[in-house]
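The model is predicted, and the values below are computed from it.

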Number of protein chains: 2
Amino acid sequence: MSNCIDCTPAQAAALLLEQERVTILIHRHPDGDTIGSGMALLHALRDMGKQVRLHSPDPISKRYGLVVEDEDTTAGLENSYVVAVDVADPALLGRLEEEYGHRVDLCVDHHPSNKRYAKNLLLRGEYASCCEAVYELLLALGCAITPVMANGIYLGASTDTGCFRYGNTTANTHYVASKAIEAGANHGMINRVIFETVTPQRMVFESRVKETLQYFYGGHCALMYQLQSAFEGLDVEESELEGISNIPRTIEGVEVGVTVREQADGSCRISLRSSDFVDASEICQRFGGGGHKRAAGCTMHTTPEQAGMSIVKAIGDYFPEESL
Amino acid sequence: MSNCIDCTPAQAAALLLEQERVTILIHRHPDGDTIGSGMALLHALRDMGKQVRLHSPDPISKRYGLVVEDEDTTAGLENSYVVAVDVADPALLGRLEEEYGHRVDLCVDHHPSNKRYAKNLLLRGEYASCCEAVYELLLALGCAITPVMANGIYLGASTDTGCFRYGNTTANTHYVASKAIEAGANHGMINRVIFETVTPQRMVFESRVKETLQYFYGGHCALMYQLQSAFEGLDVEESELEGISNIPRTIEGVEVGVTVREQADGSCRISLRSSDFVDASEICQRFGGGGHKRAAGCTMHTTPEQAGMSIVKAIGDYFPEESL
């Protein structure tokens with residue numbers, strides 16, 4: 001691992017130009033950045049006449065179909081040069097770690113925590129997305145950026161920054177997005193599919209659950225119920241509920257947001273989200289759950305109302321000067 | 001009106017450089033783009049030693065405090081050169097129309113539907129935000145872009161594109177955002193304040209209006225009402241309603257989203273948003289309104305239900321094979 005050689009985009013490009021056969025690896029539970037990076041590089045190398053395959057540890061969600069198209073991502077190429085994109089640690093190769101973990105020839109990444117496991121490393125720790133590093137690599141390869149590559153680049157830059165909303169977005173992220181759009185990225189469509197599309201069912205469900213919002217401790221705590229009755233007449237899939245638990249925390253003045261989800265078996269799933277100082281994990285641990293400081297959860301075997309009030313009371317320790 | 005002279009950024013800059021006193025006008029119900037444009041230009045001209053005031057037809061929401069700071073926007077300067085930013089039509093000057101409508105010296109705008117009411121017009125109809133045109137004007141003025149100007153530019157570019165999410169976003173929007181961040185725009189803070197924080201009132205209001213959603217033409221058209229009754233018991237500011245008009249279009253399968261807002265005077269304000277092919281501006285023009293291809297509006301003096309049905313019927317021309 002100590003033999004890892006740091007590369008500039010030009011040096012990484014020189015290594016790739018020598019290859020005939022390349023296998024590109026992406027990380028497990030693939031997200032927009034690893035997929036976009038992989039697909040942009042795959043098409044760039046193919047356009048140069050090389051044999052290239054993308055190999056993914058896990059199936060790629062249909063949402064990303066717009067950049068992946070009909071690629072077979074289930075296998076790599078034999079005897080090929082191995083490139084990992086957006087993979088900070090060989091453990092993130094999941095089921096592919098055993099096969100490839102020890103023999104990655106080139107890693108392109110943007111995680112400062114990169115484990116330096118590859119023979120060569122093009123690392124841009126200051127970038128919000130790996131795609132920004134891949135964009136530099138494509139330029140160094142001297143290839144014309146086609147719309148399909150541009151889609152990949154844009155997908156990574158936008159998904160890793162919450163569509164340019166998060167604080168990690170830099171001037172460079174916008175610069176690369178600008179170049180991707182110039183090169184033909186279908187950004188309107190990508191954003192609609194990834195960030196904007198809500199099903200009519202979700203719309204109704206969201207409206208119903210928002211009506212249950214209650215506030216405590218001078219508005220610093222918001223509580224929302226997802227009762228079984230909110231599902232009435234709706235055929236909502238689990239995947240349509242993404243982000244519902246974040247709603248209470250996005251309200252002005254709210255430090256900690258709680259959602260209580262009544263489950264089919266009568267138990268309640270509690271989710272906590274906090275902004276600045278409430279340790280969500282610590283609170284959920286008191287009820288046998290856990291998680292991260294700003295996002296945690298637990299399960300309670302009681303009524304939604306009792307579950308909600310138990311959590312809200314526990315949260316009170318963080319607001320000693322406010323009344324319930 | 002036929003005497004309106006089209007200007008390049010250099011020509012508009014030359015006109016401004018001659019002035020000692022400038023009053024900048026923004027449009028009624030001021031949004032991020034008109035405020036950001038106005039503030040960026042105000043600070044640029046002030047830095048050049050000119051006397052400048054921003055004059056707003058309506059109070060500026062506290063949310064925009066980050067760029068407006070303690071500016072007094074309630075009055076213009078006497079005997080000054082008058083510049084309107086992001087004001088497509090003198091009627092959009094609201095209560096200031098009578099005073100200024102006939103004597104705007106320079107208009108900087110990005111609406112293709114601009115009424116050409118000003119003596120000079122710097123129009124960039126292909127831009128997503130007026131701030132992009134203002135950015136070019138600042139460059140032409142030869143001024144150094146300070147963080148407070150950069151905040152204004154970023155605010156306009158981000159708010160008019162739903163934080164770079166809508167299809168109207170172009171390579172140039174990202175380019176200008178990139179330059180604004182380089183110049184010191186506090187984009188992380190702006191995005192948190194504008195895009196992430198929702199007031200409790202807005203949460204209730206949103207929930208109420210979503211309940212009115214109706215679908216037409218096989219789900220390709222969604223219609224939502226903002227009735228006066230939805231405001232009941234809520235003290236919602238205009239600025240808290242930003243983005244409400246976009247909701248119907250974000251629903252899966254929806255090509256065109258319509259919102260009908262019942263106004264206090266009994267008239268209805270219609271907003272149209274489209275995804276791919278419905279020309280929102282063309283439809284709104286049939287009812288005396290206008291705007292952009294993907295976002296337009298008009299006013300109707302009838303009941304909300306009749307207004308909604310009139311628009312939905314007009315939209316039918318784009319879906320000849322679907323029944324209502």
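In chain B, six strands form an open sheet of 6 strands with parallel pairing, in the order β1-β6-β5-β4-β2-β3. Its edge strands are β1 (5-6) and β3 (51-55) of chain B, each of which pairs on one side only. Within this sheet, strand β2 (residues 21-25) and strand β4 (residues 81-85) of chain B run parallel and are joined by 4 bridges; for Thr23(B), the bridge partner in β4(B) is Val82(B).

**The interface**

The size of an interface is often given as the accessible area lost when the parts come together. Here, chain B and chain A bury about 3300 Å² between them, with 56% of that area on carbon and sulfur atoms. Arg165(B), His174(B) and Met203(B) supply 22% of the area that chain B buries against chain A, which is more than any other three residues supply. In terms of contacts, 38 residues of chain B touch 37 residues of chain A.

The rule finds 18 residue pairs in polar contact across the interface, both residues being at pLDDT 80 or more. On the side of chain B that touches chain A, the elements giving two or more residues are α7 (171-182), α8 (187-196) and α9 (200-210) of chain B, and the largest share, 7 residues, comes from α7(B). By class, this side of chain B has 16 nonpolar, 13 polar and 9 charged residues.

**Salt bridges**

Side chains of opposite charge can pair when their charged atoms come close. A search of the whole structure finds 21 salt bridges over all chains, and 3 salt bridges are found across the interface of chain B and chain A. The table gives some of the pairs.

| Pair | N to O distance |
|---|---|
| Lys210(B) and Glu206(A) | 3.1 Å |
| Lys210(A) and Glu206(A) | 3.0 Å |
| Lys210(A) and Glu206(B) | 3.1 Å |
| Glu71(B) and Arg46(B) | 3.1 Å |

Lys210(A) and Glu206(A) both belong to helix α9 (residues 200-210) of chain A, where they are 4 residues apart, about one turn of the helix; both of these residues are buried. Lys210(A) also meets Glu206(B) in a salt bridge, and because Lys210(A) lies in helix α9 of chain A while Glu206(B) lies in helix α9 of chain B, this pair joins two chains. Lys210(A) and Glu206(B) are both buried.

The salt bridge of Glu71(B) with Arg46(B) links distant parts of the chain, 25 residues apart, with Glu71(B) in the loop between α3 (65-68) and β4 of chain B and Arg46(B) in helix α2 (residues 32-47) of chain B. Glu71(B) counts as partly exposed because its relative accessibility is 21%, and Arg46(B) is likewise classed as partly exposed, at 32%. Elsewhere, salt bridges that share partners join Arg202(A), Glu206(A), Lys210(A), Arg202(B), Glu206(B) and Lys210(B) into one network.

**A loop residue in chain A**

Is Lys293(A) buried or exposed? Lys293(A), placed in the loop between β11 (290-291) and β12 (295-300) of chain A, has a relative accessible area of 54% and is therefore exposed. Beyond its neighbours within four places in sequence, Lys293(A) is in contact with Ser274(A), Val278(A), Asp279(A), Ala280(A) and Ser281(A). For Ala280(A), the separation from Lys293(A) is 13 residues in sequence and 5.1 Å in space, C-alpha to C-alpha.

Notes: Residues are numbered from 1 along each chain as its sequence is written. Chains are lettered from A and ligands numbered from 1 in the order in which they are written. This is a predicted model: local features need pLDDT of at least 70, side-chain atom pairs count only at pLDDT 80 or more; totals for chains, interfaces and linings use all residues. Side-chain values use heavy atoms; hydrogens and water are left out. Buried means under 20% relative accessible area, exposed over 50%, partly exposed in between (1.4 Å probe, protein chains only). Contact means heavy atoms within 4.5 Å. Buried area is the accessible area (1.4 Å probe) that two parts lose on being put together, summed over both. A salt bridge is a side-chain nitrogen of Lys or Arg within 4 Å of a carboxyl oxygen of Asp or Glu. A polar contact is a pair of N or O atoms within 3.5 Å; within protein, one must be able to donate a hydrogen and the other to accept it, and residues adjacent in sequence count only if both atoms are side-chain atoms. Ala, Val, Leu, Ile, Met, Phe, Trp, Tyr, Cys and Pro count as nonpolar, Asp, Glu, Lys and Arg as charged, and the others, Gly among them, as polar. Two strands pair if DSSP finds at least two bridges between them.
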